[in-house]
Amino acid sequence: MAKVQVTVNGQTREGDVEPRTLLVHFIRDTLGLTGTHVGCDTSSCGACTVLLDGKAVKSCTVLAVQANGSEITTIEGLAQGGQLHPLQEGFWEKHGLQCGFCTPGMIMTAVDLLKHNPSPTEQEIRAGIEGVLCRCTGYQNIVAAIQYAAEKMAQQSGQMAGAGSR
Amino acid sequence: MAVTRMFGAAIKRREDPRLITGKGAYTDDVILPGMTHMYILRSPHGHALIKRLDTSRARQMPGVLAVLTAQDLEGKLAGMPCAWLIPNADLKLPPYPALAKNKVRYVGDGVAAVVAETAAQARDAAAAIEVEYEPLPAVVNQEKAIEPGAPQLHDEAPNNIAFTFKLNGGDYEAAAREADVVVKQRFVNQRLIPSAMEPRGAVAQWNPGTEELTLWVTSQNPHVERLLISLTLGIPETKIRVISRDVGGGFGSKIPYYMGEALAILASRELGRPVKWMESRSENFQATTHGRDHIQDVEMAAKRDGTITGIKVKAYANMGAYLSTAAPGVPTWLFTLMVTGPYDIKNMSAEVIGVFTNTTPTDAYRGAGRPEATYLLERMVDLVARELNMDPAEIRRKNFIPADKFPYTTAEGLLYDSGNYEGTLNKALQLVGYDQLRQQQKAQTGTKRLGIGLSTYVEVCGLAPSQAAGAMGFQGGLWESATVRVHPTGKVTVLTGSSPHGQGEETTFAQIVNSELGIPVEDIEVVHGDTAAIPFGMGTYGSRSTAVGGTALVFACRKVRDKAARIAAHLLEVSPDDIEFQDGKFTVKGAPDRGKTIQEVALSSYLAWSMPEGVTPGLEESHFHDPTNNTFPFGCHICVVEVDTETGEVKLQRYVAVDDVGTLINPMIVEGQIHGGLAQGIGQALFEHGVYDDNGQLLSGTLADYAVPRADMFPRFELGNQVTPSPSNPMGVKGVGETGTIASTPAVINAVVDALSSFGIKHIDMPATPERVWQAIQAASTGR
């Protein structure tokens, strides 16, 4: 067994795992954070996407031991102070989910996308989320949800910039 | 203050807050104290005898608690049942054992189950089971399977024939004799793999004290699941609770009752501990039902003026190795009843041969039989139009059942409820700019060819009524139940037998109650997917939840309203006839200031200090609704593609869908359903294909090999809408879950073929991959 310590959603957590344990199973089974889902066994579906040191990764493609000492954000840690993240809000507003199974991975992927490209075009969004499969929505409302979040985040940062200059 | 009426409003979904914050409760999220884990060892061979099965080493592995083989199931688990016993079709029902006895018949057939302390230990131990197979020749293609000398799967089904089903209306042969043209074409409607993003799984918890079973399972119909568990495992229904709350998509693949949950239940009962079984995606590909897989020979008879007079279909349906729960009904009734579609075609003839092969069993997949019918019909209409040099829009317009002919009895014997087919055609043509596109097409030169494809469709939805189900051999009713419980505070719990898994009924059903009882949506909780709470339910499939389950809810609400009106009248000391109800308030006619809100009446009904004579306390009503007819949504889809004649690549440029699904309760949810269906239908037309090699190996067995479409494969869908209410239910709803998969495949292929018409290409089978398109172009260019 190997000891793994991570900071997940701002809290330090640790657990003993078999060396072969995938990060997604560590998150779900050891840490009890079941918002991150397992949808395949070939790193194809992206349902398990989390932020590892700020970067979106498929947590089935990382061994838990590789994440030792890292900072992880899962869907459970995205809302701050009871306030939904603009992406969560966008998915709700724009009907960006149906069964909801791919949603956590889709949202975490979009967090990374918007970090690198705050105002993506529709094509850039479609290309940016192509690593996460959704079987319900046909993606159209997911695109709209991400566009909604991009606009909202731009407004927020505009306000913050405005507040900072005062 | 008046309560806002939310019926018809695009309100946000009430299920979303938990799902966007990671607080959903899918089956794999159920973690119980003392929970163990099960792994199913499956056959790696398409067809083989089991010569030796030795589990002794596996039993010694760390953490192993139990190993089950076919022997251990004797007397405990009868085989997996088939529940659609189509009559007059010589249906064969060979045994479908939960674990193979001495022969495996497909890659994925269960061989043994291991239960251990952890999932990894169960898997490790399964690898230590020694199985000696003697491979047998396999057959995966349904036409080859019925040839003389083909490998035989079951002694009970000579020549691998599961059934031969026929449906005739009018006289096709006479129509063909009198026709000016008879066009013939063979179509392959390829095998698809449903691929709900949540694989299947179950957690079984047996309570040895009370001898009660609680089962969390990924099901579209938990009450049916409970019944089948009871029948196959001998546990009384009174001792079984099945919970399917958050389910990560189904698309038909979570209708059947599977060996996975049955084995988990058995193991939990033996061990006295909870047992979790979650399949991997690879296992899902092999062992969760597939869809479609038809080979169809079709003829269409027409007059020179474009009047279509008859259609004849002979189809070979691949049933896989065994008959899954609802499988026989899908390629028979659900297919043949729709072969004349939206057209006034008086003569039809259909014959379907169901065939066993060494492949995963097939069953319902979104649309289930109706996409297979719509595809062949809409392709044939285009072929006839081409033969007669007619525009595809014009031949459709000429043959539509006219709007003033409804209700209309089809050659197959269905009674279409309402329709205005030309209306949706016109809207779609306008939306896409049809005439302009045709002009553009005429002017084009070069290697990029524009293609325009139409599909005008009608589907049978709102699967019911029970009498029809019985006549078709379905071993169950097709009604739905609803209970409306108004609590003393005026809050409402709705119990529905519909079992949504992404369709949003927690929202739309609250909108129905809001509309009927004037209670705010936020005061209404919709409970589904729990047999302990809900009287009974037939579940969610066949676009039936709103038309059947929603209608049950309307009637339950009206019973509540009637009772509340009597109580209100009593409290207001007037006759019930003098009571009016609006916006959640009962008032005295002519004295609108004298009234009681439904919340006040609810409290009074529970206090019961003063009740009208003969009225019992409480405010709760149930209704079991069995419709008298189905519903028939329809519409027109138009696809525009650009085909690169040098590479064979099909670029989807535009997709227009004008659907008439009756009254809309929540337009946002309706649009979402259409988008999702389109993605799956376009996926079939261009990308997806479940492929076996001749030995029965599933070549498209992972998400890396099977092309579930990605976000960058689609254009922005352009939707239009028309509303023709259904007269079959008080809301006028029809159903929207399957329109996308039913309508879209022919629209796409018609567009691809249209783009290549100058090459003389008349047909390309799905999926129209670049390779297939390129080969068709090469063959046409070289005259082969």
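**Exercise 1. Determine how helices α11(B) and α12(B) of this predicted model are oriented to each other, and which residues form their contact.**

*Solution.* Step 1. Helix α11 of chain B covers residues 370-387, and its axis comes within 9 Å of the axis of α12(B). The two axes cross at roughly 110°.

Step 1. Angles of 65 to 115 degrees count as roughly perpendicular. α11(B) and α12(B) are therefore roughly perpendicular to each other.

Step 2. The handedness is assigned next: α11(B) passes α12(B) in a right-handed crossing.

Step 3. From α11(B), the contact draws on B:Val381, B:Asp382, B:Val384 and B:Ala385. From α12(B) come B:Pro392, B:Ile395 and B:Arg396. By class, five residues of this contact are nonpolar, none is polar and two are charged.

**Exercise 2. Carry out the analysis for α12(B) and α13(B): what is their crossing angle, and which residues meet?**

*Solution.* Step 1. Helix α12 (residues 392-399) and helix α13 (residues 421-432), both of chain B, have axes that come within 10 Å and cross at roughly 165°. Because angles over 145 degrees count as roughly antiparallel, α12(B) is roughly antiparallel to α13(B).

Step 1. The crossing of α12(B) past α13(B) is left-handed.

Step 2. On the α12(B) side are B:Ala393, B:Arg396 and B:Arg397, which meet B:Glu422, B:Leu425 and B:Leu429 of α13(B). This contact of α12(B) with α13(B) holds three nonpolar, no polar and three charged residues.

**Exercise 3. Decide whether B:Lys563 is buried or exposed, and locate its contacts.**

*Solution.* Step 1. B:Lys563 lies in helix α17 of chain B.

Step 1. A residue is buried if 20 or more other C-beta atoms lie within 10 Å of its own. B:Lys563 has 20 C-beta neighbours inside 10 Å and therefore counts as buried.

Step 2. Not counting residues up to four places away in sequence, B:Lys563 touches B:Val615, B:Leu619 and B:Glu621. B:Lys427, by contrast, is 136 residues from B:Lys563 in sequence and 45 Å from it in space, C-alpha to C-alpha.

**Exercise 4. Describe how helix α1(A) is covered.**

*Solution.* Step 1. Helix α1 of chain A, residues 23-30, is mostly covered, with six of its eight residues buried. The buried residues are A:Leu23, A:Val24, A:His25, A:Phe26, A:Ile27 and A:Arg28.

Step 1. These buried residues pack against three strands of chain A, namely β1 (2-8), β2 (11-17) and β3 (49-52). Just after α1(A), A:Gly32 takes a positive phi of about 70°.

**Exercise 5. Characterise the side of chain A that touches chain B.**

*Solution.* Step 1. Chain A and chain B each bring 43 residues to the contact.

Step 1. On the side of chain A, the elements giving two or more residues are α2 (86-93), α3 (103-116), α4 (122-128) and α5 (140-165). Of these, α2(A) gives the most, with four residues.

Step 2. By class, this side of chain A divides into 21 nonpolar, 15 polar and seven charged residues.

Terms used: Residues are numbered from 1 along each chain as its sequence is written. Chains are lettered from A and ligands numbered from 1 in the order in which they are written. This is a predicted model: local features need pLDDT of at least 70, side-chain atom pairs count only at pLDDT 80 or more; totals for chains, interfaces and linings use all residues. Axes are lines fitted to C-alpha atoms, for helices over the stretch in contact, and angles run from 0 to 180 degrees between N-to-C directions. Angles under 35 degrees count as roughly parallel, over 145 as roughly antiparallel, 65 to 115 as roughly perpendicular and the rest as oblique. A crossing is left-handed if the near helix is turned anticlockwise from the far one by less than a right angle, and right-handed if clockwise. Two residues are in contact if their C-beta atoms, placed from the backbone, lie within 7 Å. Ala, Val, Leu, Ile, Met, Phe, Trp, Tyr, Cys and Pro count as nonpolar, Asp, Glu, Lys and Arg as charged, and the others, Gly among them, as polar. A residue is buried if 20 or more other C-beta atoms lie within 10 Å of its own, exposed if 12 or fewer, and partly exposed in between; C-beta atoms are placed from the backbone.
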